[in-house]
Amino acid sequence: MKELLPRERFTRALRHEKIDRLPVMYRMKAEAKSKIARVFGIDKTGTGRAHDPSLELRLGNDAIIYQIGINADFSHRHIEIGETWFNHFGVGYGKSGLQGRTAAEAIEFAKTQEFWGPAKVVPENFPKQHPIKSKEDLANYKWPDPNDPVILAPIKDLVERYGKDYFIIVDLSSSLIEAGYAHVVGTQNFFLWMYDEPELIAGVLDGLTEYYSKLGANAVKMGADMIRVGDDVGAQQAMMLSPKAWRELAKPRLKHMFDTYRSINPDIFIKLHSCGDYSPILPDEIELGVDLSGLMQPTGGLKDQKNIKAKYGSDIALIGGLDVQRILPRGQVEDVRKAVFETISNLGPGGGYIFSPSHYILADVPIQNIWALIEAQRDFGTYGKFPLN
Amino acid sequence: MSEPELKLPVGWESRAPAGWSWSSLWDAVENGNHKFTATRTQEAIDAGVDPKVILDDGLFPGFDLQGMRFSAQMIFIPEMLVAARAMKAGLALIRPLLAAKAEKPVGVFVIGTVLGDMHDIGQSIVTIMLENAGFRVINLGTDVHPSRFIEAATKERADLIGFSALLSTTVYYQKVTVEEFRKAGLRGKVKILIGGAPTSQEWATECGADGWGKDAIEAVRLARELVAQPREAWA
């Protein structure tokens, strides 16, 4: 088969049509991205809203993914230890760990960072102050502006620069249940209030639905090919909340979001992401008309990839599936190669699959494993050749 | 898995006052009704029921049932959290009475999320389950420096220590913290458990920990097992 343009390859994979080779998508957090970029001599390594896709395209990505929404700023910026940084939702974020606490600890921290090998520890920013703690807070809460040009303007630029060749994804990041528990309300409160204050939870979710419907609609208008809605409802071994509660709280609100996007462009592709095990709601995703589901974390409840592919693979396209919890950061080169082979063998046959690690590549991945990953993906990801023959 | 059933404590009738029934308390804990749990626990105390009996016959059965359902993925975090909150409300009334009767805890357990990691939902569920199982639990919270684990373990003469981590980029500190206990000469005095999403039995072995809790139920089972094993005494 002749070589397809990246955007054709990605689109055809979503439609379960014949393609030359597996489309790929690698995403990296800032520390990993600058580390890998140095090897390629690339110095444009912006992430989040400052995203520069130079490195991702070099690695072979078929899509450009630009992140907006509640996660887009805090997780891609530097926060000092002790500082609380507030985003446009009024959520306060801090940083944990050793980096920058004392001079002695800075030396300890430096020992955990290694260029060629894995960074043993990666500093992370965490939500620590939640703006809605009561019904009064909700009543007085000012939702951010979904028409904010600062957030939206780069979409137009990316579409103009890359849209002809590449598939353009606008990632709304945590959009509903996760935005509620992790950011706006706080995890323990969110789950307890599902019992104690169901109206408060409904109000928060309605506000988020409204915001993300409008924000996503703007992205569709600006020419995005796909809207990615992220909503982590899976824990390692099971869902965090019951499938029944998800069907009551999330499903109708997601439907409203998707309907809004489709009212602007009926052909818009929709991706729904959850970390962890969300297998009980895969049939619901299909019912909602989701085009792409993932990134399929294979270490807990979503282990049985072959079965998932056989059961749902013809009704929904899948992305991800390569273990980033254990194999990619701590496996040997051969383990990585084997895992890529297995993931592709499980999910690739018959199409409807986009190869990707099951989440961001973090700085805990040694450079040689990234090499092994890319090499194996190129060796095993061509249709008509083993194992996709 | 088939639906777990409420296990009635053998011989509860003979331990309760005449005409007494626990069933409303079993239901209250199971359904996460913390207000009624506190009310009914207080009624039992006022009726002169032995606090240990209230705990074993009144509070545990409903909670154990939810624990089994949680483990079997029949209920999820919200249901488990409200049951745990109800259990806590009952325990708050019972604990001072148990202490006054010099009932010894099963063991002293110091738990926390390792340095660099702010996730606490898993370890707070484990904490409540351990408390229910009779452990005295000292929860150090999140982003806990190894030196704080050592300080608390020494001060509390801990039997068991638990390190939680949710990220592949923070599990490293589980290993470091085990190593710090060794360097401080305390490794023989405590049993160490680890847990959290990216962890595994292999990782626990690599860290030099004594056990890996796949989930909260498994963590409690392991804690019970390990606390019975011989250790060096605290000076």
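**Exercise 1.** How many residues does the contact take from chain A, and how many from chain B?

*Solution.* This is a predicted model, in which local features need pLDDT of at least 70 and side-chain atom pairs count only at pLDDT 80 or more, while totals for chains, interfaces and linings use all residues. Residues are numbered from 1 along each chain as its sequence is written, and chains are lettered from A and ligands numbered from 1 in the order in which they are written. With two residues counted as in contact if their C-beta atoms, placed from the backbone, lie within 7 Å, the contact takes 29 residues from chain A and 25 residues from chain B. On the side of chain A that touches chain B, helix α8 (residues 187-196) gives the most, with six residues.

**Exercise 2.** Describe how helices α3 and α5 of chain B pack.

*Solution.* Helices here are DSSP runs (H or I, at least four residues), numbered from the N terminus. Helix α3 (residues 34-46) and helix α5 (residues 77-100) of chain B pack at an angle of about 25°, with their axes 7 Å apart, the axes being lines fitted to C-alpha atoms over the stretch in contact and the angles running from 0 to 180 degrees between N-to-C directions. That makes α3(B) roughly parallel to α5(B), a term used for angles under 35 degrees.

**Exercise 3.** Which helix gives the most to the side of domain 1 of chain B that touches domain 2 of chain B?

*Solution.* The domain assignment, automatic or from a database, gives chain B domain 1 (21-100) and domain 2 (108-227). Ten residues of domain 1 of chain B are in contact with eight residues of domain 2 of chain B, and on the domain 1 side α5(B) gives the most, with six residues.

Key. Helices (H or I, at least four residues) and strands (E, at least two) are DSSP runs, numbered from the N terminus. Angles under 35 degrees count as roughly parallel, over 145 as roughly antiparallel, 65 to 115 as roughly perpendicular and the rest as oblique.
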